[in-house]
Amino acid sequence: MGAGIAKPSTPRQAPYHIFMPSVLEPVKKPVIKRQSKASDDLAPTFYVVCWNDPVNLMVYVTHVFMKVFGWNKEKAQKHMLEVHEKGKSVLIREGAEKAEFYVHQLQNYKLQATMEPAE
Amino acid sequence: MKLVKQSKGNWIYELALNEAELLLGIVKKFPVNKLAPVKISRTDKESKAKEREKMLNESLAEHRRELKKTALNLINPSKFKRVEKGLLMMLNGEERETLLQILNDIRVGCWQALGEPEELHPSKPEIDPKEFAYWSLMELAGYFEHRLICEED
C-alpha cells in the first residue's frame, strides 16, 4: 500500500514569532522642508503694547481698553494693572494694518501705545 | 458732579454751578500745548515703521483739530439745563468720549509742560505762577475725568 491517507495532523499553533518581524524596520520620517522666514507667505504680525506713564489715571486707562477693544472690565483692569506694575502690557497681536489701527485709537486717547514686530 | 441718569447711550450729569464754571473754563483752554511727535514703535527700525509714524502723527494732528471743533459744541449752553441744585449736562456717548479725550489731552499736555515729572505733585514749596497753573489744571482735568467715568458700571 502506498502511503494511503495521511493521518490528519493535529492542528498546530503557528509560533508567534512568524507574525512579527524579527527586526523592526526603521521608520523613515518624511522630510519636511522648512521654509525660510523670508519666503514665508504669512504676513508679519505685531504686538500692540501699552507703556506705563505716571499721568494717565488708572480708571481712565481701564475705560480706554474697554472702549477700544470691547473688553469687559475684568480683562481691561488686568491689562491696566500689568501696565502699572510691570511697565508695559502686550494688549493684542495683529497684522500690521489692524495693529496700526489700534495704536491710532489708543494714541487718540493719549495712551503711550506702540506696535512692536512679533518674532 | 455726579451721574444722575444713563439710558440709551445718553448721559446726564448734575454739576454744581461752580463745577460747571470750572469745567467750561478748562475746556476753553484746550489745547494747552503744541502736539509733541510720538513714536509708533520702540524696536522697529524698518522704513515702513517711519512711514507709519509719519501717518500716526498726521492723524493725531487731524484728530486734535476735530476735538477743537467739538470742544466748542460741548460747552454750548444748549448742552446744559438749569435745575434747582445747579446744572444738568446732557451728553450722548460720542460727546462723552470726546469730552474725556479733551480733558485727558489737557491733563497730559500740562504734565508735558511741567517736564513729565514722575511724581504728580510739586517737589518744591515755591512754584512760579505758570507752573502752578499747570499743576492746578492737570488736577482739575483729572477730577472731571474721574467723575465722568467712575459711575459708568
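1. Helices (H or I, at least four residues) and strands (E, at least two) are DSSP runs, numbered from the N terminus.

2. Please keep in mind that this is a predicted model, where local features need pLDDT of at least 70, side-chain atom pairs count only at pLDDT 80 or more, and totals for chains, interfaces and linings use all residues. Residues are numbered from 1 along each chain as its sequence is written, while chains are lettered from A and ligands numbered from 1 in the order in which they are written.

3. Let us look at β1(A). Five of its seven residues are buried, so β1(A) is largely enclosed by the rest of the structure. Two strands pair if DSSP finds at least two bridges between them. β1(A) pairs with β2(A) in the antiparallel sense over seven bridges, and six bridges join β1(A) to β3(A), also antiparallel. You can follow this at C50(A): its bridge partner in β2(A) is S89(A), and in β3(A) it is A113(A).

4. Next comes helix α3 of chain A, residues 96-108. Its 13 residues reach 18 Å from the first C-alpha to the last, close to the 18 Å expected at 1.5 Å a residue; the expected span is 1.5 Å times one less than the number of residues. Buried here are A99(A), V103(A), L106(A) and N108(A). Just after α3(A), K110(A) takes a positive phi of about 70°.

5. What covers the buried residues of α3(A)? The cover includes β1 (45-51), α1 (58-69), β2 (88-95) and β3 (112-117) of chain A, together with α2 and α3 of chain B.

6. Now for the place where the chains touch. Two residues are in contact if their C-beta atoms, placed from the backbone, lie within 7 Å. Chain B gives 26 residues to the contact and chain A gives 18 residues. On the chain B side, α2 (47-74), α3 (93-113) and α4 (129-149) each give two or more residues, and α3(B) has the largest share, seven residues.

7. Finally, chain B as a whole. Its secondary structure comes to four helices and four strands, in the order β-β-α-α-β-β-α-α along the sequence. The C-alpha trace of chain B spans about 60 × 45 × 30 Å along its principal axes. Of the 153 residues of chain B, 26% count as buried.

Terms used:
Buried ≥ 20, exposed ≤ 12 C-beta atoms within 10 Å, placed from the backbone.
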